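Morning, everyone. Let me put the model up, and we will go through the DNA side and then the chain interface.

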2 protein chains.
Amino acid sequence: MKLPHYIQNVVPFPADELEDIISYFEKETVQKNTLLVKEGQVCSKLYIVEKGVGRSYYLKEDGKEITQWFFVEGQFMSSIESFFQQNPSLYYLEMLEDSVVYSITRENLDLLFARYHNMEKLGRLLSTEMLTRVVNKLNAIQFQTARERYDYMLNEYPDIVNRVALGHIASYLGMTQETLSRIRKAETRNRS
Amino acid sequence: MKLPHYIQNVVPFPADELEDIISYFEKETVQKNTLLVKEGQVCSKLYIVEKGVGRSYYLKEDGKEITQWFFVEGQFMSSIESFFQQNPSLYYLEMLEDSVVYSITRENLDLLFARYHNMEKLGRLLSTEMLTRVVNKLNAIQFQTARERYDYMLNEYPDIVNRVALGHIASYLGMTQETLSRIRKAETRNRS
DNA sequence: GGTTTCTTTTGACCTATATCAAATAATACA
DNA sequence: TGTATTATTTGATATAGGTCAAAAGAAACC
C-alpha cells in the first residue's frame, strides 16, 4: 500500500495521525473503461490512483470527447469543482486501465481538514501543485504549435504518451487526432 | 481598509487572530506601470489588490508581451510558483493603474500558516478557487473560437475589458490585437 | 496647444490546422 | 482463429486567424 508514502512525501505526519487519516480511505478495484463519475452527477469522492491511469473528459456539443486531464499513480483524481462545491460535475471520470484507487468522501475529508492542521496543509500544497501544472498546460496550449505541444507532453508526461489512446492525447492537447498522427509520423522520421 | 473583509469573506477568523494576521501585511501605494516583480527575480511577496488593476505577463522569444493573468480589487496577486518555490519568476508583475496593494513576505506567510490552522485553510481555499479559474480559462482557450473567448471574457471579467489596453486583453485571450479589434468591430455592429 | 509616442484599426495576403472521407491497422470477442 | 468493432493513418480541401504594413486615433509631454 503506497498511500502513506504519497502523503508523507508532501507533508510528514506523526504516525498516529497518518494511521487515522489512512483509515478514512477505502480501497477500490476498478476495471478498464469504468466511469467513476458521470457528467451531471455530484462527484462525492476524491480518489488517489495507486495503479492504472485515469482521465477526466467532457463532451462537446457535437458529441466529441475532450480529454481534460490524465491521472497516474500517486496523483489525486476528482472532478475538483464538483467535489468541493458539491455541484453537478461537468466532467466524466474514467479509468483507462484496470486500476486500484483509494477514495475518500467529502465529509470525511472535511473532518480530517478540521481535525489536523497538517491535513489542511497537505490540501493546500496539493492544490498549489495542481495549479502550477494547469498553468503550465495553459501556456503550452495558448502559444505553441501543435508540434511543440506534443513535445511538451513527451517531456512532462512521457509515460502517459505510450499508455493511452492517441485520440485521447490529441484532444488533451487541443488538436485533432489526424494532426497528432501526422506529427508522430514526422517525429519518427526525424528521429531515425 | 478592506483587507479584513477580503479575508473574512473566505474564512471567518476570531477578532484577535485576524488582527494579528493583518499586522503582517504592509500597505503599498504604487504608480501606474510600476513593475512589482521582474522576470528572473525571486518573487518575495504576495500582494492583495485593494485598488487598481494588475497583470502578470511574460516575453515570448520574439519579444512580444503575453498577458497571463489580470488581478483586480480583492484578489491576491503574485508570481505564484516563484513565490512558493522561491525560484526565479518567469513572469513580470505590473500594476496598470495607480494602485494600492497589501503585501506579505513568504516568511511571514509561512509563520501565519504554521500559527493558525484557519490560515492554512484560507490558503487552501484561495488556491482551489484560483485553480478553478485557471481551468475555466484553459477550457475557453483550448476549444473556443476567438469570438467565443472574447465573449467568455466579457462575461467573466466585464470590468477588466473596459479598463485595460486592447493589446493586453488580446494576448491574454491568445489572439493578436488585430483579431480582437476586428471582433470588437463586429460585435458593436451586431449590438446596435 | 502642438508634437511625439503609443494604441487601435484597416487591408491584403498566407499558413497551420481543421474537416471530411476513405483505407488500413489493431483489438476485442464469439 | 475469424469476424466485428474501434483506433489510426493518409489524402484532398477549406478556413480561422496569423503576419506584415500602413493609416487613423488617443494619450502623454514639453
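A polar contact here is a pair of N or O atoms within 3.5 Å; within protein, one must be able to donate a hydrogen and the other to accept it, and residues adjacent in sequence count only if both atoms are side-chain atoms. Arg182(B) goes to a base: a side-chain N or O atom is 2.4 Å from a base nitrogen of DNA strand C.

Ground rules. This is a predicted model: local features need pLDDT of at least 70, side-chain atom pairs count only at pLDDT 80 or more, and totals for chains, interfaces and linings use all residues. Residues are numbered from 1 along each chain as its sequence is written, chains are lettered from A and ligands numbered from 1 in the order written, and side-chain values use heavy atoms, without hydrogens and water.

18 residues surround DNA strand C (a heavy atom within 4 Å).

Now the interface. 33 residues of chain B are in contact with 34 of chain A (heavy atoms within 4.5 Å). What do the chains bury between them? About 3,000 Å², 63% of it on carbon and sulfur atoms; that is accessible area (1.4 Å probe) lost on being put together, summed over both.

Two salt bridges cross it (side-chain nitrogen of Lys or Arg within 4 Å of a carboxyl oxygen of Asp or Glu). One pairs Arg124(A) with Glu120(B), closest N and O atoms 2.3 Å apart.

Conventions:
Buried area is the accessible area (1.4 Å probe) that two parts lose on being put together, summed over both.
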